[in-house]
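Work through the exercises below with the sequence and the model at hand, and try each task before reading its solution.

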Amino acid sequence: MSPALPGCPIGNFLWLAVTQSMLMPSTRLELGCLVGQLRKAKEKITNGFVQKLQGDKGFVEVIKSIEGLGELYFNEGVDCFFSTSFCRTSLYETDFGWGKPAWVIDGTAGEDDQSFNFLLMDTRLGDGIEAWVSLSKREMAELERDPEINEFASFDPSPLIKLADATFS
């Protein structure tokens, strides 16, 4: 991150990496293209936006950015999708006194207006990635029919099956 954070920061720095794709309904967005767009949006945050936040006009920059996000989000005809990643956060290694969790889930899953559309996290055994996906019924049916997704994903797998295999082997 430029500039580098001080040696003893306290708190969280959270911001949205936003990309906009203008496609006709019959056009298909390739995953690699979307990843590239998101990577560029993330670089804007780490290489420019953070610098603008420092100094006397930092708060003004935050307000301008939030207003821009609001205009995009509330624009009729625009579909917004949200994603986050808990990968490499060691959630399955966390022990609050009653042992390590058998399965970690996002507490907002299923709350239509509150949840992320795509939430990624490591599997308990660390051998893959869980993707929690929240979409409309129409969008989910389309995703479930996608041959590329089906080549690599399992829909609604039970985490307890792998847990049992790991426990008894």
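What does the accessible surface of the chain come to, and what percentage of it belongs to carbon and sulfur atoms? The accessible surface comes to about 13,600 Å², and 57% of this belongs to carbon and sulfur atoms; the areas come from the Shrake-Rupley method with a 1.4 Å probe.

This is a predicted model, in which local features need pLDDT of at least 70 and side-chain atom pairs count only at pLDDT 80 or more, while totals for chains, interfaces and linings use all residues. Residues are numbered from 1 along each chain as its sequence is written, and side-chain values use heavy atoms, with hydrogens and water left out.

**Exercise 1.** List the secondary structure elements of the chain in order.

Step one is to count them: there are 5 helices and 3 strands, where helices (H or I, at least four residues) and strands (E, at least two) are DSSP runs numbered from the N terminus. Step two is to read the order from the N terminus, which is α-α-β-β-β-α-α-α.

**Exercise 2.** State what percentage of the residues of the chain counts as buried.

Buried means under 20% relative accessible area, exposed over 50%, and partly exposed in between (1.4 Å probe, protein chains only). By this rule, 13% of the 169 residues are buried.

**Exercise 3.** Describe the setting of Arg88, a residue with a positive phi.

First, phi of Arg88 is about 60 degrees, although Arg88 is not a glycine. Most residues other than glycine have a negative phi. Next, Arg88 is found in the loop between strand 1 (83-85) and strand 2 (118-122). Finally, Arg88 is exposed, at a relative accessible area of 77%.
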